[in-house]
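These are my notebook entries on the model, taken down in the order in which I looked things up.

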Amino acid sequence: MLEAIEVTYKVSGRELISDVSVSFAPGKLHLIVGPNGAGKSTLIKVLARYLRPQAGRVEYDGVDVANAGEADLAKRRAVLSQAVEAAFPLTTREIVLMGRYPHFGGRPGPVDEKIVDEMMELFDVAEFSERNYQTLSGGERQRVNFARVLAQIWIDREHSSQEGGRSRYLFLDEPLTFLDIRHQLAFMKMVRDFASDTDVVTVGVVHDLNLAGRFADDVVMLDEGRVKAVGAAAEVLTSENIRSVFGVEPSFIPAAGAGTHLIFD
Amino acid sequence: MTAAAIRYGAIDFSFADISAALSSLFPGQPEATLDQRIFLELRLPRTILCLFVGASLGVGGTLMQALFRNPIVEPGLVGTSSGAAFGSAFFFVLGGAFHFADAIWSLPLAACLGGVVSTYLVFLLARSREDGRASIVMLLLTGLAVNALFMSAIGFLSYLARDPQARSITFWSLGTLSGANWRSVCIVAVSTVVGTTVALRYSKQLNALMIGEEEAAYLGVNVNRLKWIILSVNVVIVAVATAFTGVISFVGLIVPHILRMMRGADNRFLIAASAVTGAILLSVADLVARLALRPAELPIGIVTSAVGVPVFLYLLRRRQYIF
């Protein structure tokens with residue numbers, strides 16, 4: 001369970017998110033939507049403890065995360081960012097292996113190597129293994145990074161004796177930016193699968209309300225740094241909410257096999 | 001390479017001379033001749049000092065480039081070298097007036113203090129007022145300004161200086177290994193070995209930093225702490241080396257670049273390899289400095305700059321990197 005309790009984050013006296021209280025249950029895919037400047041990325045970064053709120057607190061499993069150790073936190077919390085650039089040439093495999101850095105000291109162990117191999121298979125990037133990450137396309141990089149991020153909080157069922165009992169946290173900060181439609185769909189399906197694990201709390205930011213409506217179990221709608229609505233997708237993505245927050249007029253079109261489709265005017 | 005560096009110079013030594021010189025150290029052997037004493041007290045310490053200073057500069061360059069995620073950075077850029085040179089210059093011009101000029105440790109201490117002050121000044125000024133974090137861009141620009149400040153301060157000191165002192169300032173700002181003795185070898189050896197060992201412990205974290213500060217933080221790296229540790233290691237190894245040799249530019253720039261072209265940028269390999277490569281490269285430079293105008297010698301900084309500036313400009317012209 002992940003909870004934000006009366007969280008306010010300010011920069012230069014301006015509140016980017018104000019008095020946000022919202023909770024995220026494990027086993028579900030939570031997506032945050034809202035117009036530009038609504039505070040979506042800020043909220044994700046506060047939840048992931050990259051930014052420290054000036055007021056309020058964030059609790060992981062009922063414990064204030066403010067004092068958690070960096071190394072300990074990194075074993076159970078991973079964040080997929082929009083675009084990850086490497087400053088110097090590194091192999092794709094080394095980038096994925098970074099996800100295991102919190103888990104080993106000097107050299108990666110056999111479990112680390114195994115998880116890296118599995119993740120690279122899962123995201124179809126094994127063929128790039130020895131290629132320079134900098135030469136990959138935006139979409140390829142995004143897959144490599146998703147492999148890295150999942151490797152970070154992956155539990156190898158055969159070898160895990162410890163690490164049980166505590167939730168794992170996955171944050172996705174606009175992960176679809178560089179993906180084409182096919183990869184967007186494949187990506188969202190993979191996220192939904194992973195999010196259905198009962199000990200995983202998954203929170204993501206997306207721009208596309210249709211994707212949010214189709215894949216999210218729960219939607220949080222932000223407007224000007226405050227929670228406008230929260231709940232099941234169908235309850236939050238209503239004409240009234242979309243009109244008042246985004247300033248556009250939505251129409252709901254029935255779509256074959258995929259609920260309704262939103263178009264805007 | 002080291003063998004060549006030992007043999008050739010203003011005086012060439014044969015290997016027979018060298019073994020005779022070395023054996024004169026042992027009891028019961030004939031007293032060392034003048035030439036043999038030149039070898040033992042000048043050439044040999046100089047060659048070894050050169051290895052350690054080269055290693056220091058190579059590691060310093062690798063650390064700074066990893067920290068700033070930018071291949072055109074070198075220890076000079078965050079103010080370390082210019083601060084250390086200012087400390088030395090200050091010592092030479094005004095030290096006598098304060099009665100601390102005689103102590104053996106004064107000069108390296110003055111250089112270290114200068115290096116510490118300038119580097120921490122850069123970091124302090126570059127820190128954001130909002131959240132205390134120092135962004136890379138702010139660090140680079142602040143480093144530029146602080147370097148200019150210390151260089152003009154050195155200029156001011158040399159203006160005040162009477163002739164022999166002024167000459168020694170020129171010497172400091174261009175770098176030379178001619179002051180090598182066994183004491184300086186020991187001090188630089190300690191700082192190089194300790195600094196490199198500490199840096200190696202953080203090579204994994206420096207790798208994580210290469211995909212960005214935010215990503216590194218998510219991977220469990222305490223980014224601000226890592227910055228302080230790496231900067232401190234850099235200050236110590238570079239300022240101690242600078243204290244005995246003056247500012248030797250561009251070694252820290254070239255070494256990591258050569259290695260990255262050869263074998264990629266994994267810091268677990270890069271840090272150790274840059275120590276070795278730096279040592280080799282500076283030995284070549286010192287040999288050139290000694291042989292080019294034999295029996296006079298060039299300041300080594302002229303040699304390293306002659307090679308380093310074209311490399312620097314080449315890196316600047318490549319559009320691959322964002323500054």
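I looked up A:V144 and found it in helix 5 of chain A, where helices (H or I, at least four residues) and strands (E, at least two) are DSSP runs, numbered from the N terminus. A:V144 has 23 C-beta neighbours inside 10 Å and therefore counts as buried; a residue is buried if 20 or more other C-beta atoms lie within 10 Å of its own, exposed if 12 or fewer, and partly exposed in between, with C-beta atoms placed from the backbone. Leaving aside neighbours within four places in sequence, I noted that A:V144 is in contact with A:T92, A:I95, A:V96, A:V125, A:Y133 and A:L136, contact being taken as C-beta atoms, placed from the backbone, within 7 Å. I also noted A:F187, which is 43 residues from A:V144 in sequence and 12 Å from it in space, C-alpha to C-alpha.

A note on provenance: this is a predicted model, in which local features need pLDDT of at least 70 and side-chain atom pairs count only at pLDDT 80 or more, while totals for chains, interfaces and linings use all residues. Residues are numbered from 1 along each chain as its sequence is written, and chains are lettered from A and ligands numbered from 1 in the order in which they are written.

Next I turned to the sheet of six strands in chain A, which is open, has the order 6-7-8-3-9-10 and shows mixed pairing; two strands pair if DSSP finds at least two bridges between them. Its edge strands are strand 6 (77-80) and strand 10 (226-232) of chain A, each of which pairs on one side only. On average, neighbouring strands of this sheet are turned by 15 degrees against each other, direction ignored. Helix 5 (residues 138-153) of chain A packs on the sheet and touches strand 6 and strand 7 of chain A, its direction making about 175 degrees with that of strand 6 of chain A; axes are lines fitted to C-alpha atoms, for helices over the stretch in contact, and angles run from 0 to 180 degrees between N-to-C directions. Strand 6 of chain A runs parallel to strand 7 (residues 168-173) of chain A and is joined to it by four bridges, and A:A78 stands opposite A:L170 in strand 7 of chain A. I then followed helix 6 (residues 181-195) of chain A, which lies across strand 3 (29-33), strand 7 and strand 8 (200-205) of chain A and runs at about 150 degrees to strand 8 of chain A.

The other sheet I looked up in chain A is an open one of four strands in the order 2-1-4-5, with antiparallel pairing. Strand 2 (14-24) and strand 5 (63-64) of chain A are its edge strands. Strand 1 and strand 4 of chain A pair over five bridges in the antiparallel sense, with A:A4 opposite A:V58 in strand 4 of chain A. Within strand 1 (residues 2-11) of chain A I came to A:E6, which is not a glycine and yet has a positive phi, near 50 degrees; A:E6 is exposed, with 12 other C-beta atoms within 10 Å. A:R49, also not a glycine, has a positive phi of about 65 degrees, but A:R49 is buried, with 21 other C-beta atoms within 10 Å.

Last, I looked at the interface, in which 21 residues of chain B are in contact with 24 residues of chain A. Helix 10 of chain B gives the largest share of chain B's side, four residues.

Definitions and conventions: Contact = placed C-beta atoms within 7 Å.
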